[in-house]
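Subject: A structure for you to explore

Hello,

Here is the structure I promised to pass on. Have a look at it first, and then read my notes on its pockets and cavities below.

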Amino acid sequence: MQRYSILWADDEIDLLKPHILFLEQRGYDITPVNNGSDAVEQCEQRNFDVVFLDENMPGLSGLEVLDMIKSRKPNLPVVMITKNEEEQIMEDAIGAQIADYLIKPLNPNQILISVKKILDNKRLIIEKTNLSYQQEFRKISMAFMDEMNHEAWTDIYKKIVHWELQLDQSDNKEMREVLEAQKTEANATFSRFVIRQYEKWLNDANTDRPLLSHLLLKRKVLPELSKDKATFLILIDNLRFDQWKILEPIIDDYLTVEREETYYSILPTTTAYARNAIFAGMMPVDMARIHPDLWVGEDEEEGKNNFEEEFLNKQLQKNNLSVKFSYHKIKNLEEGRALADSVNNLFGNSLNVIVYNFVDMLSHARTDMAMIRELAPDESAYRSLTRSWFLHSPLLEIIKTISQKNARIIITTDHGTIRVKRPFKIIGDRNVNTNLRYKQGKNLGFEGGKVMHVTKPEKLFLPKANVSTTYVFAIEDQFFAYPNNYNYYVNFYKDTFQHGGISLEEMIIPLIFLTSKNAS
C-alpha cells in the first residue's frame, strides 16, 4: 500500500501529537513544523502529498504561507485549519484553491476523512467504479437475451455510455476491454433488432416505434415555440450521446437541463439524408418527389445540404406557422465568431436554427490527418478532444450569450459516428456512392447475411436512381472496402470514425431541452 507524506504546520504542533500518532498508525508519514517559514522551507526541499496549514501563526500567517506554497507548487493540496470562522478568511483561502477547510477543535476522524478525500479519493472512486460495473455487467448481458423494444435499447446504450465515462477515470485496462467487448455484443444484437423492425417503424402506424428524424421538428421543436421568448435549436453535426455527456457539465454552468431525451436517426445515418429529413419534415423519397428543385441525388455533384433553410421554411408553412425565424450554418471559426458577435440580434425571432459543423469536421480530419489520429487514438481521447474544442469555441460564447436572456434552447444532432474496425468487401460500378457505411447502386456484389440489404428502397422511403437501385448498410463496426486497392482501404480507414450505417452510436442520438439559468 502506498504511504503518503504529510507536512503539518501549526504553532501549537506539540498539542497535536495524538492526532499525528493517529495518522501515523494508519500509514501516513507526518513532518511537523511550528511556523510558516519552516513550512515553506520544507516544501522547497522535499515533496509532500498534502499540507495541513494553521491559518493563525505568529510570523508568516497561514494565508501568506499558502500563497508562497502555491506559487512554487500550485498542484500541492493544502488543507487550511483555523479557529476563525470569518467568511472573508474562508473566501480568501478558497480563492487560493485550498483542497479543504477545517475548523478547530479538530477530532482525529475529521482529519482522516479530509486526508482520504484528498489522497485516496481517486483510488476509492476507481475501486467502487470497477466493482459497480462488474455488478452491472451481468444485468446488461442478460438484457440482450430478452426481446427489447427501442426504449429498452436506448436505456442499454445510456448505461454503456455511463460506464464508458466512469471507466475513463480508471487505469484498469482489463475492465475497459470487458466493456468494449460488451458494447460490441450490444451493437451486434442492436443491428439485428433494427434490421427486423426498421421497415415496420416507417410503414405501420400501430407499431411501437421511436421518434425518427423526419418528425423531430413537428413533434419536439415546433411545439416549444413561444411568443414570449425565442427558441434556439442548436444542431451539432455528428454529436454522439457520449460526447453530449462530456459537454453537459460545461453547459450546466449557464443552462438548466429540463429534459434529456434521445431520438433515432433515419437510414442512411448521414447528413444528406438525416439532416434534410429533419428540416423538411419528410423522408428522402418524399423530398425527391415533392421538392425535386431542392433534393440533390447521389449522382449529382452539388452539395447535398445546401437547401436546409428552404426546407425549414416549407415545413413551417406546412404546419401553418407564420413565425419569424433565422437559419445559420457554421462551417468554420470565422463564421462562428461572426455569429457570436451578432447573436443578440436574434432574440426577436421565434425560432433560431444554428447548425454547427465542427464535430463532423473533427471526425473527417481524424481520418485524413495523422496528427489528429495521434491526438485522439481512442474513444476516450476523441471525447476529450471534443470537450477541448467546445471549451474554446465560439459556440460556447453563443450559449453564454443566450443564457443571459430568457430563452428556450434545444441541443441535438442529425446522427452519430462509430469507430470502424472490420473491413467488409463489396463490389460496385463507378456510379456507386463513396460512403464507407452504406452503398447505393445497382449490381452491388457482397457476401450476404452480414449486412442490411434493401432490395426495395421505396419501402424504406429511399429514392431510387434507377429501377435496379438497391441499398446496403454496414452494421456493427464494419466499413465497406473494394477488392481493388483493398489493402490501401483497410490501412487508411480502419480505426476511423464513420457514419451512414446501423449502430447504437449512429442511430440513438441526444435531444436536450434547456432554459437560461442566468437570465436577466
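**Pockets**

The largest pocket has a volume of about 770 Å³. A quick word on terms: on a 1 Å grid over the protein atoms alone, a pocket is an open set of points with protein on both sides within 12 Å along at least five of seven lines, while a cavity is a set of points where a 1.4 Å probe fits but cannot get out; lining residues have an atom within 4 Å of a point. Grid points are joined across faces, edges and corners, and a volume is the space filled by probe spheres set on the points.

This is a predicted model, in which local features need pLDDT of at least 70 and side-chain atom pairs count only at pLDDT 80 or more, while totals for chains, interfaces and linings use all residues. Residues are numbered from 1 along each chain as its sequence is written, and side-chain values use heavy atoms, with hydrogens and water left out.

Back to the largest pocket: 28 residues line it, and Thr270, His364, Thr434, Asn435 and His499 lie nearest its centre. Helices H10 (271-280), H14 (358-368) and H18 (486-493) and strand E18 (497-498) each supply at least two lining residues. (Helices, H or I with at least four residues, and strands, E with at least two, are DSSP runs numbered from the N terminus.) By class, this lining has eight nonpolar, twelve polar and eight charged residues. Here Ala, Val, Leu, Ile, Met, Phe, Trp, Tyr, Cys and Pro count as nonpolar, Asp, Glu, Lys and Arg as charged, and the others, Gly among them, as polar.

The second largest pocket has a volume of about 320 Å³. Among its 13 lining residues, Arg176, Glu177, Glu180, Asp378 and Glu379 are the closest to its centre. Helix H7 (173-203) gives the most to this lining, five residues. Ten of the lining residues are charged, two are nonpolar and one is polar.

**Cavities**

How many cavities of 30 Å³ or more does a search of the whole structure find? The search finds two. The largest holds about 120 Å³ of space, and its lining includes Glu180, Lys183, Glu379 and Glu505. H7 brings the largest share of that lining, four residues. By class, the lining has eight charged, two polar and one nonpolar.

The second largest cavity holds about 30 Å³. Lys183 and Glu505 are among its lining residues, as are Tyr157 and Arg240.

Enjoy exploring!
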